[in-house]
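Colleague: I would like to learn how to read salt bridges in a model. Could we work through some cases?

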Amino acid sequence: MPRPHGVHALVRRTHEGRILEALRERGPLSRGQIARKVGLSRTTLSEITSSLLARGAIVVVDTDAAERRGSGRPAERLALDPRSGQFLGIDFGHRRVHISVADAAHEIVASGAHRYGDADWTERLKGAFGLLDRLGRETGVHFAALQGVGIGIPFSTPYGASPGEDPASDLRATFEDHFGTPVVIDNNTRLAALAEAIEMPGGAARDLVYVRLSDGVGGGLVVGGRLVSGANGVAGELGHVRAVPDGRRCRCGRRGCLETVASVPAIVAECRARGVAVTSLADLESATWLWHPVVDDVLRDAAGALGRVLAAVTLALNPARIVVGGELVRVAPVFLRHVVATLRRELFTTHDATSLVRGPSLGDDDGSLGAIAALYHQSLLIVGYQEPSTTAAVSRTRSFARMRPT
């Protein structure tokens with residue numbers, strides 16, 4: 001049977017979503033019960049459930065023989081297949097890919113990472129599909145019935161970009177062709193900001209600045225209860241704010257960007273330049289916990305540069321919270337204290353830097369979880385945000401707390 005396209009594909013996916021939602025909420029149901037619940041004709045329902053069964057999204061668990069009164073053939077009862085991955089979130093970092101898989105009940109059923117070093121996009125894709133194969137083998141999850149794929153990439157959001165400026169078009173085509181499902185692509189740090197904002201204690205944040213310190217430096221902004229991308233998709237691109245006049249050359253071609261000072265590779269390189277044998281994240285963690293004085297000076301300088309940038313952002317936006325996340329904060333918690341100390345010096349006395357800044361609630365899976373959240377469009381944070389029409393069928397309104405890995 002040819003794969004439906006355009007409006008037909010959207011309508012079909014909407015019907016599939018309603019059926020899956022009914023099974024998620026009610027548990028096993030007969031086709032008749034599903035038809036009454038979602039308001040579909042028997043013909044349409046039969047066609048769609050047959051497709052879902054063939055793809056492994058749902059399974060036959062039993063019949064309604066025990067409940068049936070009178071004569072007649074017992075009806076099969078259908079339920080969600082717990083081994084079926086429904087939503088796929090992929091975070092392509094500069095040197096690693098992280099993947100999270102959610103089922104139809106929006107629970108994370110598989111999660112993992114693969115490091116590929118400073119590789120081109122061919123190798124990054126190879127690593128991602130290899131990781132998917134490994135997660136399938138290790139967890140038993142399959143991807144034959146995916147409802148959507150969310151992808152984060154370490155560049156500005158690609159909407160409106162010209163061909164060749166970023167890999168978004170090729171990535172979208174690759175994953176759409178492979179899985180036959182809608183694909184949403186955005187900046188990976190912005191997606192991590194979405195995940196952190198939803199995860200905030202007491203409910204989603206209305207005004208938040210998020211910065212991620214890893215192989216690069218990126219940021220995301222929530223303003224007035226909305227995740228924002230800006231006119232050209234570069235809102236929150238803190239890594240390329242100039243922090244050091246005439247500093248080191250950045251991968252963007254300019255000099256002195258915050259990324260050349262506060263990213264993990266920049267800090268490791270500066271430690272080596274000052275005579276400390278630090279060559280990896282693990283070495284940096286060990287030196288930090290041993291309170292190596294030179295390493296602490298390097299971290300203090302990097303935190304000072306970040307603190308000055310965040311002070312300017314704070315005075316412009318007046319956020320309720322600043323979240324500093326990424327691998328650097330995980331291996332060097334003292335970095336946060338240095339950032340707070342800089343903000344105390346830079347901000348008005350009306351700002352309480354100690355309560356303003358906090359570490360992340362999530363781990364390195366924040367970008368992939370944010371990609372799944374973008375697929376759900378389940379938060380007011382992304383009402384009115386860039387939403388390809390084909391993702392409407394997977395729209396949800398659910399708590400993000402259930403998405404966290406166990």
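**Reading the salt bridges**

Modeller: This is a predicted model, and the structure holds 18 salt bridges.

Colleague: Which residue forms a salt bridge with arginine 31?

Modeller: A salt bridge is called when a side-chain nitrogen of Lys or Arg is within 4 Å of a carboxyl oxygen of Asp or Glu. Arginine 31 pairs with glutamate 76, and their closest N and O atoms are 3.0 Å apart. Arginine 31 belongs to helix 2 (residues 31–38) and glutamate 76 to strand 3 (residues 76–80), so the bridge ties together parts 45 residues apart in sequence.

Colleague: Are these two buried or partly exposed?

Modeller: Arginine 31 has 25% relative accessibility and counts as partly exposed. Glutamate 76, at 35%, also counts as partly exposed.

Colleague: Where in the chain do aspartate 215 and arginine 115 lie?

Modeller: Their side chains meet in a salt bridge at 3.7 Å, N to O. Aspartate 215 is in the loop between strand 9 (208–213) and strand 10 (217–223), while arginine 115 is in strand 6 (residues 108–115), 100 residues away. Aspartate 215 is buried at 8% relative accessibility, whereas arginine 115 is partly exposed at 49%.

Colleague: What distance is given for glutamate 327 and arginine 115?

Modeller: That salt bridge is 3.5 Å, N to O. Glutamate 327 sits in helix 11 (residues 327–331), 212 residues from arginine 115 in strand 6. Glutamate 327 is buried, with a relative accessible area of 9%.

Terms used. Residues are numbered from 1 along each chain as its sequence is written. This is a predicted model: local features need pLDDT of at least 70, side-chain atom pairs count only at pLDDT 80 or more; totals for chains, interfaces and linings use all residues. Side-chain values use heavy atoms; hydrogens and water are left out. Helices (H or I, at least four residues) and strands (E, at least two) are DSSP runs, numbered from the N terminus. Buried means under 20% relative accessible area, exposed over 50%, partly exposed in between (1.4 Å probe, protein chains only).
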